[in-house]
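Dear colleague,

Please find below the structure that I am handing over to you. My findings follow it, arranged by region.

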Amino acid sequence: MKKNTLLSRLVKSYILFACTLAVVGISFLIMAIDVEQETITVSVQWLLLLLVLFGLNVLIYSVWTARRITRPLEQIAGAIREMRLRKFHKRLDIQTGDSDEFAQVQMYFNDLAESLQRTEAENRRLQLSKQRMLVDLSHDLKTPITTIQGYAKALQLGMADNEEKREQYLQLIYNKSQLVTSLIDDIFHLSKLDSPDFPVSVEPGDIAELLREAAADYYQQFEDKQFMLHVEIPSREVLVSYDTNLMRRAIANLLSNALRYNPPGTEVTLRLEQSEDVVRLAVIDNGVGISDELKAVIFDPFVRGDASRKRDGGSGLGLSIAKQMMVRQGGELNLDNRPGRTAFELVLYR
């Protein structure tokens, strides 16, 4: 179908306008010419009629032009003014008829407004997340530091009156200092992962062997906490490109989370599956589970799997770090939280 552009409409309307004027002019001449006398007689009434017809023609043409050009331009200008005020909810609704330039402008403008509205909402969410992260960070640092100060003061005042108590206080101070160091290391690592200059060395390797090593490293911890660990890893090589250090840390974070947030007796499955285009590595447990509400923010910094701020020894950054590690390798980290089953899935594309 031939495109009905604004230019073609204007040309057609101008031709119609000119034809109408020509008809009015010819009609006037026919009525004013006296062929026998070979004269033109113009009366005041005929002249007024001519002016009225001419004015109506101009008025109709002007109204049509305003409806087709001026009003859409006013709507566009109004929408742009709203956008300057960061009111991105405004949408154009121009009655354009068939496809033409204004229809394209309307489509592009509405798409832009929709994109800006989503960006604005995301910026607000990130701002709130940043504020919450700063509050959580200050809380997580203040708690162990306060404990360290308290026991150090007790030692200074001689409140530990025997060697056993002094050793106990020193051990508590050391444990809390380790917690602070771990938190600072996690924050530093997460900030480095966000940097575009962070070095990533993706090379082909056997992901199955890496997963076996991870299972062996954590086997004793699972035994100590009375967990049942099931390993479903193919005996053959599973070759895929990945960064060894990032992948090992991501797997370790998921296994640590499963240990930290689930009770004794939990069954954990470490599974590796592959297809022609993708390799999927899953850490699955039947523990306490994760709610749908928590699922939406589970990969945000300082979010803990139990949705509370009890002292579990975790920084709340493990999943955020694992997520960033997978993104930097061109992969994904997804959560499947069906009833009675929590599965974190690491995805690598071939």
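Two residues are in contact if heavy atoms of theirs lie within 4.5 Å, and a residue is buried if its relative accessible area is under 20%. With these terms one can describe helix α8, residues 318-328, whose buried residues are Gly 318, Leu 319, Ser 320, Ile 321, Ala 322, Met 325 and Met 326. The cover over these buried residues includes α4 (163-194), α6, β8 and β9. Just after α8, Gly 330 has a positive phi of about 80°. Please bear in mind throughout that this is a predicted model.

As to the protein overall, it comprises 350 residues, of which 34% count as buried. Its secondary structure consists of 8 helices and 9 strands. When contacts between residues at least 6 apart in sequence are considered, 69% of them join residues at least 24 apart.

Five strands form an open sheet with mixed pairing, in the order β4-β6-β7-β9-β8. Its edges are β4 (228-232) and β8 (332-336), each of which pairs on one side only. From one strand to the next, the twist averages 15°. Helix α5 packs on this sheet and touches β4, β6, β7 and β9 (342-349); the direction of α5 makes about 175° with that of β6. Within the sheet, strand β6 (residues 267-274) runs antiparallel to strand β7 (residues 278-285), and 7 bridges join the two. Leu 270 has Val 283 in β7 as its bridge partner.

The helix pair α5 and α6

Two packed helices are described by the angle between their axes and the distance between the axes. For α5 (residues 207-224) and α6 (residues 244-261), the axes come within 10 Å and cross at roughly 35°. This crossing is right-handed. On the α5 side, the residues that meet α6 are Ile 207, Leu 210, Leu 211, Glu 213, Ala 214, Tyr 218, Gln 221 and Phe 222. Their counterparts in α6 are Thr 244, Met 247, Arg 248, Ile 251, Ala 252, Leu 255, Ser 256 and Leu 259. By type, the residues of this contact comprise 11 nonpolar, 3 polar and 2 charged.

The strand pair β3 and β5

Strand β3 (residues 203-206) and β5 run antiparallel and are joined by 4 bridges. In this pairing, Glu 203 stands opposite Tyr 242 of β5.

The loop between α2 and α3

His 89 is found in the loop that lies between α2 (44-84) and α3 (101-156). Is His 89 buried or exposed? Its relative accessible area is 53%, and the cut-off for an exposed residue is over 50%, so His 89 is exposed. Leaving aside residues up to four places away in sequence, His 89 touches Glu 82 and Gln 117. The C-alpha atoms of His 89 and Gln 117 are 6.8 Å apart, although 28 residues separate the two positions in sequence.

Yours sincerely

Technical notes
Residues numbered from 1 in each chain as written. Predicted model: local features only at pLDDT ≥ 70, side-chain atom pairs only at ≥ 80, totals over all residues. Heavy atoms only, no water. Buried < 20%, exposed > 50% of the residue type's maximum accessible area, 1.4 Å probe, protein only. Axes fitted to C-alpha atoms, helices over the stretch in contact; angles between N-to-C directions. Left-handed = near helix turned anticlockwise from the far one by under 90°. Nonpolar A, V, L, I, M, F, W, Y, C, P; charged D, E, K, R; others polar. Pairing = 2+ DSSP bridges.
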